[in-house]
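Please look over the sequence and the model before reading the points below.

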Amino acid sequence: MAFVQILWSCTNHLKHQGCIRFGYPHDRISRRRCLVRVEGGNGMVLQNFEHGKRKLRVLVAGGGIGGLVLALAAKNRGYEVKVFEKDLSAVRGEGRHRGPIQLLSSALAVLEAIDQNVARQIIEAGCVTGNRTNGFADGLSGEWFTEFDLLTPASRKGLPVTLVICRMTLQAILVNAVGSNILRNKSKVVDFIQEPNKVRVILENGEHHDGDILIGADGIWSEVRSKLFGWQEAKYSGFTCYSGLTNYMPPYIDTIGYRVFLGLNQYFVASDVGHGKMQWYAFHGEPPSSASFPEGKKKRLLDLFGNWCNEVVTLISETPEHMILQRDIYDRDMINTWGVGRVTLLGDAAHPMQPNLGQGGCMAIEDCYQLILELDKVAEHGSEESEVISALKRYEKKRIPRVRVVHTASRMASKMLVNYQPYIEFKIWPLSNLTKMQIKHPGIDVARALLKFTFPQFITWMISGHGLL
């Protein structure tokens, strides 16, 4: 059974990469000897107290989640920060609901370490899903295939519980915390020039800005990445994604947080997002940009999922046509280095991944924290070229192994999910027109057992942050 083979391959790969080992020590808020705790309007922040040294100048291309979290961390360290965003309204999703983003316990803990006040606002605005039943279910019957526990691993480590939050709400919190004096809208980075003691950013409008480092946080179509390594096409995943947001509260709202319904060549994700709303994503294997919807996207989805369980059909039916969006899913192959000299990448610019594990934003937030810890060491010794370059290389070296595992797992999960086939169908007599019969696939119990054994360990490893905190 292809589903079992893929699951087994995924298990071996993750085990080989070391993600089956867990139990890392945690210091909830890491400190460096050049930093001091300060109580202020933004909650507990960390500021550089060594006078007489020039402040580190950090330039950030991209005002998405990764860029803003990094800017917030750098601001709280007392660094000089500038964030350049080409279109803030597009990033925040104004006019088009881009759906919620999942923040795993590890990402929330990082946000707490960066700025406790901001983390509190995010937690209060979000919808906690990790304290309810989550897992995989059969798309046709709706029966649970396997469940996973997000609450216990977080509680054992004293971490916040996994939640989802509206992307626009999250962006608004971060924009407000970073401040308009740091975030520059309508400012697209189109090029940069590296010199021995600085990097110069060139904007589309012709402006130049100098800094000690440039961080490309400008997404999957990153301009900074293309300038570093040359333009490369993103890789189509083989799936298009239909997403919908509906004002509907199902009867299971208090017991189920997040559920993935499995099927052959398609799957369906549903999550409570709070405020009486449900968000769903329907993935279907087809060529890119191939769909046209003369009768509407809802009709298309009901044709694809109309014979699935009532939970799926109801969510589609309860969603207004104008709240159903469609986009093709792309990612990129992992690369072995993210930067050159004083320039490096983070988040989707460095490692765009498929959304089926909900880890794109979490990995970007973790990137920010590791990077800021390395920059703290530069602040100790000054911003000489060798110190800056060494810090960026250490950041890459420490982040790439963990990100590579998650990136690989997201691709394997995509293949695994759409190869789910619980029954074998055949005719009673090959030459007759008698009714078809179905028998349970002999590999389905093996797949369930493997998933039940491996996935909880993978979740625990994810939540642990791989010793980051």
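In this predicted model, a salt bridge joins the side chains of aspartate 331 and arginine 411, with an N to O distance of 2.9 Å. Aspartate 331 belongs to strand β19 (residues 324-331) and arginine 411 to helix α12 (residues 385-417), so the pair links distant parts of the chain, 80 residues apart. Side chains of opposite charge can pair when their charged atoms come close.

**The pair of aspartate 331 and arginine 411**
- Aspartate 331 has a relative accessible area of 1% and is therefore buried.
- Arginine 411 is partly exposed, because its relative accessible area is 22%.

- Over the whole structure, a search finds 22 salt bridges.

**The pair of aspartate 212 and arginine 57**
- The side chains of aspartate 212 and arginine 57 form a salt bridge at 3.3 Å, N to O.
- Aspartate 212 counts as buried because its relative accessibility is 0%.

**The pair of arginine 184 and glutamate 207**
- Arginine 184 and glutamate 207 meet through their side chains in a salt bridge of 2.6 Å, N to O.
- Arginine 184 is in strand β10 (residues 183-184) and glutamate 207 is in the loop between β12 (198-203) and β13, so the pair ties together parts that are 23 residues apart in sequence.
- Arginine 184 counts as partly exposed, because its relative accessibility is 27%.
- Glutamate 207 has a relative accessible area of 30% and is therefore partly exposed.

**Threonine 319 and its surroundings**
- Threonine 319 is found in the loop between α10 (310-317) and β19.
- With a relative accessible area of 1%, threonine 319 is buried.
- The side chain of threonine 319 makes a polar contact of 2.8 Å with the side chain of tryptophan 280.
- Neighbours within four places in sequence aside, the residues in contact with threonine 319 are Gly244, Leu245, Thr246, Trp280, Lys298 and Ile324.

Terms used
Residues numbered from 1 in each chain as written. Predicted model: local features only at pLDDT ≥ 70, side-chain atom pairs only at ≥ 80, totals over all residues. Heavy atoms only, no water. Salt bridge = Lys/Arg side-chain N within 4 Å of Asp/Glu carboxyl O. Buried < 20%, exposed > 50% of the residue type's maximum accessible area, 1.4 Å probe, protein only. Helix = DSSP H or I, 4+ residues; strand = E, 2+ residues; numbered from the N terminus. Polar contact = N/O pair within 3.5 Å; in protein donor to acceptor, adjacent residues only side chain to side chain. Contact = heavy atoms within 4.5 Å.
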